[in-house]
Structure formats: structure tokens, C-alpha cells
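Subject: Structure handover

Hello, here is the structure for you to look over. My notes on it follow below.

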Amino acid sequence: MRRVPSRTRRIAPERPGSLPGSRPSVFKEDPRTAAWISAALLGWFRTAARPMAWRETRDPYRIWVSEIMLQQTRVETVAPYYERFLLKFPDVESLARATLDDVLKAWEGLGYYSRAINLHRTAGILVARHGARVPRTVEALLALPGIGRSTAGAIAAIAFGADVPILDANARRVVARLFAVEGDPRSGRVERILWERSASLVRKGKGRETALALMDLGAVVCLPNAPRCRECPLRSYCSSCLRELQDSIPPKRAKKVLPHHDVVAAVFRRTDGALFLMRRPSDGLLGGLWAFPSGKRDPGESLEDALRRSLLEKLRVRAVLQREVGAVRHAYSHYRITLHGFLCGTDGGALPEGEGTGWLPVHGEGTFALPRADRKLVEFIHREEER
């Protein structure tokens with residue numbers, strides 16, 4: 001039986017062709033490196049795996065839902081949404097039959113709503129073309145809305161045990177450090193190398209365990225900042241750790257200064273207390289959600305003038321602004337806003353009716369899913385009414 005080197009020894013310089021301080025490419029010269037890493041990684045995972053509801057199942061539907069929810073969202077945030085979503089939509093057929101409003105309502109607060117829209121679209125496709133079953137192969141999964149290469153690999157590996165690589169944010173960082181792959185990990189050249197290295201870690205019959213282990217190692221040990229190298233089961237094999245490059249691989253991205261916009265929103269309240277809402281365009285930010293009529297303030301424009309202009313342009317009504325009900329700060333991925341809500345009436349012209357418009361009742365909100373900032377405005381109004 002081949003002996004696996006001890007994890008506590010810094011053995012890299014003893015391997016054939018390796019020299020202390022040499023370039024990371026020397027780790028690629030020994031074909032046993034990936035096997036050593038994989039053995040240590042899987043050994044650690046057997047005792048350190050994080051318990052999660054979606055890991056207790058092999059149901060491809062549930063695993064697909066979890067992987068979509070986990071895109072750009074932390075595990076602890078996803079957990080309660082995952083449970084509620086599956087109670088409402090326990091299988092592909094129930095999700096396909098649901099209205100988009102029902103799905104968005106179940107998703108409300110989780111953010112990145114295009115994920116929910118794509119889940120709903122994909123459920124319809126699965127019913128129509130795949131017998132209401134999640135496909136087994138990466139290629140078939142890639143053809144579905146909202147599923148990229150890493151998500152397809154994760155579903156294929158975790159649900160079906162396929163021996164395929166993944167490269168989500170955690171795995172990308174772990175693999176880059178293990179093999180000291182320098183450069184922007186999202187550039188085409190570097191990404192190709194990372195996919196190759198990730199694939200080299202997958203032992204036959206161990207696709208599921210490898211995918212989960214990489215995710216966990218990146219989440220709890222190989223952190224973006226201040227990685228816990230002393231606790232890492234792979235430190236004796238990690239090219240970056242051996243060369244003390246773990247803090248520079250992958251390179252830090254320049255922090256963007258996010259622009260800020262003032263957005264004004266009109267709160268029209270009916271005599272029964274219901275609030276007027278409009279559905280946002282499906283192809284834009286927060287697509288498909290319901291929100292107060294709003295517009296962005298132009299430079300040099302007052303908040304009040306901006307709202308009057310916006311309502312005249314969008315609704316063809318002349319607004320009478322009564323008072324400001326609250327201001328909400330909120331950050332999106334590419335910019336920040338302050339949403340200023342004004343209680344309004346009209347002076348000429350009626351509010352539009354029909355498809356794309358609705359009234360949020362005072363109690364019992366039905367299936368209206370609102371962006372978080374608009375939801376906070378509703379909370380301001382309800383608190384006022386309770387005084």
C-alpha cells in the first residue's frame with residue numbers, strides 16, 4: 001500500500017524536482033501531489049463536515065434548490081429560506097404550477113431575485129422536457145436557466161455522485177492557493193488552470209465528497225482574509241503556504257467605490273389603508289417584484305421635484321406631496337441608494353389600473369413580494385398607524 005506522507009511534515013522540498021523557494025510549477029511535476037491532497041482533504045472532511053439540511057438528502061430537486069439559493073448567499077442566511085421554500089414547493093411539479101408571484105413571495109428578503117425567476121422557469125422546462133426530473137449530466141444542466149458550470153458540477157456531483165469538478169468562490173480560492181496559481185482567478189487563462197487543478201483532485205467515485213470538502217475547507221479554514229493555515233489539513237501540501245503566499249493568492253481585488261443615488265418613492269394610500277404598488281419590469285434589477293412608484297433624483301434637483309417629475313413621466317399624474325414618511329439606506333451589488341418615501345395624493349389624473357398594478361392591504365399581504373427597501377417603508381407606515 002502506498003504511504004501517504006504525514007500532514008505535519010513540510011515535505012514539498014523532498015519531492016522529486018522540488019527546490020525550496022522555487023516556482024509553484026514544481027508542484028505540478030509530481031503526479032502524486034493531487035492524490036496526496038485529495039486523500040488528506042477527504043480524511044479531514046469525514047470528521048469536519050458541516051451539518052446542513054440539504055446534505056441529508058440525495059433528492060436532486062432539493063439539492064438543485066439549495067445550490068441556487070447558495071449562489072452569492074451565506075449558508076446561515078439560506079437555511080430558513082430553504083426549509084420554508086420546500087414546505088411550499090416540495091417538488092418540481094409544485095414549483096412549475098406556482099405563479100411567479102408565489103415564488104417571489106417565498107424568496108422575499110433573500111435577494112438576487114433573478115435566481116427565483118430562473119428556478120420557476122427551469123421547473124417549467126423540467127416538466128415539459130425532462131419528465132419533471134433534474135438532469136444528471138453537467139451538459140444537460142448547463143442548458144437550464146441560472147445554472148453555470150460550477151453549479152452544474154455541484155448538482156451533478158452532490159445529487160448523482162458524478163466525478164466532476166466544481167469551482168465556486170470557496171473552491172476557487174482553495175485550489176488557487178493549493179497550487180499557487182497566480183493571477184486574476186477570473187481571467188480566462190487562470191480559470192482554465194483552476195478547472196484543471198480542481199478536476200485533478202477528484203478521485204474515482206469521490207465526486208460528491210470532494211465537492212463538499214472543497215466548499216467546507218474554503219468556508220471554515222481557507223478564508224479570504226487571514227486564512228487559518230495552522231488548522232489546515234493540507235498545509236504540508238499547499239504550495240502557497242509553503243512559500244508564504246497565502247495572503248497574496250488569489251490577489252485582492254481593488255475595492256470599488258460604489259456610487260450613491262437618491263431615489264424617491266410615492267406612497268399612495270387608499271381610504272381603506274391599502275398602498276398602491278407597481279410591478280417592476282421582469283428584465284431589470286429586482287425584476288418581477290412589487291414596489292412603490294419611484295424615480296432617481298437628477299443632479300441639482302430637490303427630492304420633491306424629482307418625485308413630481310417621475311410620477312408625471314411614468315404615471316401621467318400630478319402628485320400632491322403631503323409629507324415624507326421615512327428614508328431607507330440600502331446597498332446593491334453595484335451601487336447604494338437612499339429611498340425617500342413621500343405620502344402623496346393626486347391633483348389631476350387617476351392612478352393606472354389593471355395588469356402590473358396592485359394594492360397592498362393593511363393586513364394580510366397576499367403574494368406581493370417587495371424589495372427590502374420598500375418593505376421597510378411599509379414598516380414605517382404601519383408603525384405610524386399604531387401610534
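Lys296 counts as partly exposed because its relative accessibility is 45%. Buried means under 20% relative accessible area, exposed over 50%, and partly exposed in between, with a 1.4 Å probe and protein chains only. This is a predicted model: local features need pLDDT of at least 70, side-chain atom pairs count only at pLDDT 80 or more, and totals for chains, interfaces and linings use all residues. Residues are numbered from 1 along each chain as its sequence is written, and side-chain values use heavy atoms, with hydrogens and water left out.

Lys296 sits in strand β4 (residues 294–296). Helices (H or I, at least four residues) and strands (E, at least two) are DSSP runs, numbered from the N terminus. Leaving aside residues up to four places away in sequence, Lys296 touches His261, Asp262, Val263 and Arg309. Contact means heavy atoms within 4.5 Å. Arg197 is 99 residues from Lys296 along the chain, and their C-alpha atoms are 46 Å apart.

**The chain as a whole**

The chain has 15 helices and seven strands. Its C-alpha atoms fill a box of roughly 85 × 50 × 40 Å along the principal axes. Of its 387 residues, 51% count as buried. Among contacts with a separation of 6 or more, 66% join residues 24 or more positions apart.

Helix α9 (residues 149–160) has 12 residues. From first C-alpha to last it reaches 16 Å, close to the 16 Å expected at 1.5 Å a residue. The expected span is 1.5 Å times one less than the number of residues. α9 is mostly covered, with 11 of its 12 residues buried. Among them are Ser150, Thr151, Gly153, Ile155, Ile158 and Phe160. What covers the buried residues includes α3 (60–69), α8 (138–142), α11 and α12 (207–220). Gly161 follows α9 and has a positive phi, near 70°.

Helix α11 (residues 188–200) has 13 residues. It reaches 19 Å, close to the 18 Å expected. Buried in α11 are Val190, Ile193, Leu194, Trp195, Arg197 and Ser198.

How far apart are the axes of α2 and α12? Helix α2 (residues 33–48) and α12 have axes 9 Å apart and pack at an angle of about 75°. α2 is therefore roughly perpendicular to α12. Axes are lines fitted to C-alpha atoms, for helices over the stretch in contact, and angles run from 0 to 180 degrees between N-to-C directions. Angles under 35 degrees count as roughly parallel, over 145 as roughly antiparallel, 65 to 115 as roughly perpendicular and the rest as oblique. On the α2 side, Leu41, Leu42, Trp44, Phe45 and Ala48 make the contact. Their partners in α12 include Leu212, Leu214, Asp216, Leu217 and Val220. The contact of α2 with α12 has 10 nonpolar, one polar and two charged residues. Ala, Val, Leu, Ile, Met, Phe, Trp, Tyr, Cys and Pro count as nonpolar, Asp, Glu, Lys and Arg as charged, and the others, Gly among them, as polar.

Helix α6 (residues 100–107) and helix α7 (residues 114–129) have axes that come within 9 Å and cross at roughly 140°. The two are therefore oblique to each other. Leu100, Val103, Leu104 and Trp107 in α6 meet Arg115, Ala116, Ile117, Leu119 and His120 in α7. By class, that contact has seven nonpolar, one polar and one charged residues.
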